[in-house]
Amino acid sequence: MKRRDWLVLGALLLVAMPISFAGGKEKYKCTHTTQDCLNEMSASLKKGGWLGVELNHSETGEMSVKRVIPGSPAEAAGLKVGDTAVALNDLKYGDETKKEAWMAVNVPGKEVTLTITRGGYEKKIPVTLAQRPAEVIAQQVGMHMLDHAGDTAIAKN
């Protein structure tokens with residue numbers, strides 16, 4: 001999976017990170033030290049809500065569901081492969097001006113309304129966010145830490 005796809009997946013799993021949905025062609029470069037990044041990312045992922053989808057992020061900014069994680073809140077809510085995520089609690093993805101509102105819904109146990117398009121129709125789906133499983137946290141942190149390690153390995157060559 002491409003790094004950009006992982007960033008988008010992480011963003012939707014976090015639910016509250018609209019910056020990652022804004023698209024853009026420039027690669028994100030973490031400015032933290034490896035340890036600071038690890039600490040901050042782990043703490044954030046542990047306390048944030050989890051939806052449980054993997055997304056395709058198109059050049060036009062659309063986010064279609066590529067995979068629904070078995071046993072996830074997304075599966076329980078009836079999300080399907082091919083659905084396109086449009087908004088969460090009526091906050092459009094990519095609207096970076098609503099960060100505080102996004103953060104307010106990023107809580108395990110919080111019921112949110114996900115707006116999707118399916119078959120040309122818009123649909124609102126209620127879903128209760130879960131606590132992020134440890135293996136998901138490990139995977140997300142690990143993928144990001146590989147970027148830190150890669151930058152160091154490249155600099156040494």
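Trainee: What does the accessible surface of the protein chain come to, and what percentage of it belongs to carbon and sulfur atoms?

Mentor: This is a predicted model, in which local features need pLDDT of at least 70, side-chain atom pairs count only at pLDDT 80 or more, and totals for chains, interfaces and linings use all residues. Residues are numbered from 1 along each chain as its sequence is written, and side-chain values use heavy atoms, with hydrogens and water left out. Accessible areas come from the Shrake-Rupley method with a 1.4 Å probe, and for residues only the protein chains shown count as cover. The surface of the protein chain comes to about 8900 Å², and the part belonging to carbon and sulfur atoms is 55%.

Trainee: How many helices and strands does the protein chain have?

Mentor: Helices (H or I, at least four residues) and strands (E, at least two) are DSSP runs, numbered from the N terminus. Along the sequence their pattern reads α-α-β-β-β-α-β-β-α-β-β-β-α. The totals are five helices and eight strands.

Trainee: Why is strand S2 described as largely enclosed by the rest of the structure?

Mentor: A residue is buried under 20% relative accessible area, exposed over 50%, and partly exposed in between (1.4 Å probe, protein chains only). Strand S2 covers residues 53-57, and it is largely enclosed because the number of its five residues that are buried is four.

Trainee: Which residue of S3 is the bridge partner of glutamate 54?

Mentor: Two strands pair if DSSP finds at least two bridges between them. S2 and S3 (residues 63-68) pair in the antiparallel sense over five bridges. In S3, the partner of glutamate 54 is arginine 67.

Trainee: Is aspartate 83 buried or exposed?

Mentor: Aspartate 83 lies in the loop between helix H3 (73-77) and S4. Its relative accessible area is 2%, so aspartate 83 is buried.

Trainee: Which side chain does the side chain of aspartate 83 join in a polar contact of 2.7 Å?

Mentor: A polar contact is a pair of N or O atoms within 3.5 Å; within protein, one must be able to donate a hydrogen and the other to accept it, and residues adjacent in sequence count only if both atoms are side-chain atoms. The side chain of aspartate 83 reaches the backbone nitrogen of lysine 80 at 2.8 Å. At 2.7 Å, the side chain joined to that of aspartate 83 belongs to arginine 118.

Trainee: What is the phi of asparagine 89?

Mentor: Asparagine 89 is in the loop between strand S4 (84-88) and strand S5 (91-92). Most residues other than glycine have a negative phi. Asparagine 89 is a residue other than glycine with a positive phi, near 50°.
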